[in-house]
Amino acid sequence: MDKARFLKVYANLPINLRNEVILVLENYGPITWNVAFVEIDNNTQLGKIILEKLINLKIV
């Protein structure tokens, strides 16, 4: 469900905004929309962290 919410937001972003930083994670550094998409789409541990942070920040 949360992944679907992220994908809906990502799909509606203008392509030039997808390279913008949306999060800065302490151990990983800056995360762009594109990095978030790859990690979340591949169900990685980092993807789960990113998705959780985006939901907590009410970005998705």
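**View 1. Overall surface and fold of the predicted chain.** The accessible surface of the chain comes to about 4,100 Å², and carbon and sulfur atoms hold 53% of that area. The coordinates shown here and in the views that follow belong to a predicted model. The chain contains 3 helices and 2 strands, which follow one another from the N terminus in the order α-β-β-α-α. Of the 60 residues, 33% are buried, and among the contacts with a separation of 6 or more, 46% join residues 24 or more positions apart.

**View 2. The crossing of helices H1 and H2.** Helix H1, residues 2-11, and helix H2, residues 33-41, have axes that come within 11 Å of each other and cross at roughly 145°, and the crossing is left-handed. On the side of H1 the contact is made by Lys3, Phe6, Leu7, Val9 and Tyr10, while H2 contributes Trp33, Asn34, Ala36, Phe37, Ile40 and Asp41.

View 3. Ile31 lies in strand E2, which covers residues 29-32, and it counts as buried because its relative accessibility is 2%, under the 20% limit. Apart from neighbours within four places in sequence, Ile31 is in contact with Glu20, Val21, Ile22, Leu23, Leu25, Ala36 and Ile50. Ala36 in this list also takes part in the contact of H1 with H2. The C-alpha atoms of Ile31 and Asn19, residues that are 12 positions apart in sequence, are separated by 9.1 Å in space.

**View 4. Asn43 in the loop between H2 and H3.** Asn43 is found in the loop that links H2 to helix H3, residues 45-56, and has a positive phi of about 55° although it is not a glycine. Most residues other than glycine have a negative phi. With a relative accessibility of 52%, over the 50% limit, Asn43 counts as exposed.

**View 5. Lys58 in the segment after H3.** Lys58 is found in the segment that follows H3, and although it is not a glycine, its phi is positive, at about 60°. The relative accessibility of Lys58 is 72%, so this residue counts as exposed.

Technical notes: Residues are numbered from 1 along each chain as its sequence is written. This is a predicted model: local features need pLDDT of at least 70, side-chain atom pairs count only at pLDDT 80 or more; totals for chains, interfaces and linings use all residues. Side-chain values use heavy atoms; hydrogens and water are left out. Axes are lines fitted to C-alpha atoms, for helices over the stretch in contact, and angles run from 0 to 180 degrees between N-to-C directions. Helices (H or I, at least four residues) and strands (E, at least two) are DSSP runs, numbered from the N terminus. A crossing is left-handed if the near helix is turned anticlockwise from the far one by less than a right angle, and right-handed if clockwise. Contact means heavy atoms within 4.5 Å. Buried means under 20% relative accessible area, exposed over 50%, partly exposed in between (1.4 Å probe, protein chains only). Accessible areas come from the Shrake-Rupley method with a 1.4 Å probe; for residues, only the protein chains shown count as cover.
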